[in-house]
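Dear colleague,

Please find the structure below.

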Amino acid sequence: MPTPFSTRLIRTGGLTQQVLEAGPENSDAPLVLLIHGFPELGISWRAQVAALAQAGFHAVAPDMRGYGGTDKPARTEDHTILHLVGDMVDLVRALGRTTCVVIGHDWGAPVAWHCALLRPDIFTAVAGLSVPFQPRRAGGPPIPAMAALSARLGKGELYMRQFQAPDAHTMFEADVATALRKSFHAYDGATPAERQSTGFIAPGHNFISEVSDDATLPPWMSPDHFAEYVTAFTAGGFRGPLDWYRCLDLNWFLTAFVQGQKIHQPALFMVGDRDPVRHYAGQHEAGLKDWLTDLRFQTVLEGAGHWLQQERPDEVNAALIGFLRGL
């Protein structure tokens, strides 16, 4: 029998959030928040919301700040990691709970890691997909995120640097369907290696033009599902989502107080072996156990790309449910 989903708006502090949810809402059913990344929405977690609900959990996947049906603050500086963690704290309270497990993918993974780092009293376990925990290390050079990326990688212009431009979102809004189709294609595990993005942009190109015009939708992306993304981003635009990237340096300065801090809650990390994000974030995978002191599960899914929970839902669901039941 299909899992009954519901979508509703929840007022949380100064923000109205749209959430996709399923599963029992009583206090005996553990709450699990699922945080999406770029360019995604709460619907990116539909398979996980269904599976977790069937396993007895109350699964909630919000459209994050700046995305979909959730409010879109006008100021760039209102999209910092502290705002994003605060939104999740407020959401837990608005759902009538005091604790939950938090799971994030792509940009949602750093939000999930910071939820666990900053509010261990609320977020009692954490899982990250595709992007490992990247600690703010003591003893390193006192330079912010963008400069550190350039110094460490030295491979050309990473797309995140292009996203710093105040008008960078217009490249996506010029043709929303094409921008999304190319984005999903370039980071998918089924895309041939020579057509996958590396994250580094050739001179004269941008994030969209870098991808071939004949890029097709991934095999897991149905036309109807794709239309949901196109409708949402056509209505909401890309300014808010790119403001997350424009706050990277601000985030670095704002998180000085957690430098050297580790995450002690039970943790899980999964990544696809063909995920292009590993070109610039994968260097943190090997040392995760040094920073996640209760890392209970870490795996690389062979043949999977970046859209892990949508490309390989059965394997992701099994891992998450096993992790949750073991808590």
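By class, seven nonpolar, five polar and three charged residues line the second largest pocket (nonpolar: Ala, Val, Leu, Ile, Met, Phe, Trp, Tyr, Cys and Pro; charged: Asp, Glu, Lys and Arg; polar: the others, Gly among them). A pocket here is an open set of points on a 1 Å grid over the protein atoms alone, where a 1.4 Å probe fits, with protein on both sides within 12 Å along at least five of seven lines; lining residues have an atom within 4 Å of a point. Of the 15 lining residues, Thr 7, Gln 18, Leu 41, Ile 43 and Asp 63 lie nearest the centre. Strand S2 (15-22) is among the elements that give two or more residues, and its three residues are the largest share (strands are DSSP runs of E, at least two residues, and helices of H or I, at least four, numbered from the N terminus).

The model is predicted: local features need pLDDT of at least 70 and side-chain atom pairs 80 or more, while totals for chains, interfaces and linings use all residues. Residues are numbered from 1 along each chain as its sequence is written, and side-chain values use heavy atoms, without hydrogens or water.

Phe 163 and Phe 172 form an edge-to-face pair (centres within 6.5 Å, planes over 60 degrees apart), at 5.7 Å and 70°. Phe 163 counts as buried because its relative accessibility is 0%; for Phe 172 the value is 1%, so Phe 172 is buried too.

Regards

Note on methods:
Phe/Tyr/Trp six-rings, centres within 6.5 Å; stacked < 30°, edge-to-face > 60°. Buried < 20%, exposed > 50% of the residue type's maximum accessible area, 1.4 Å probe, protein only.
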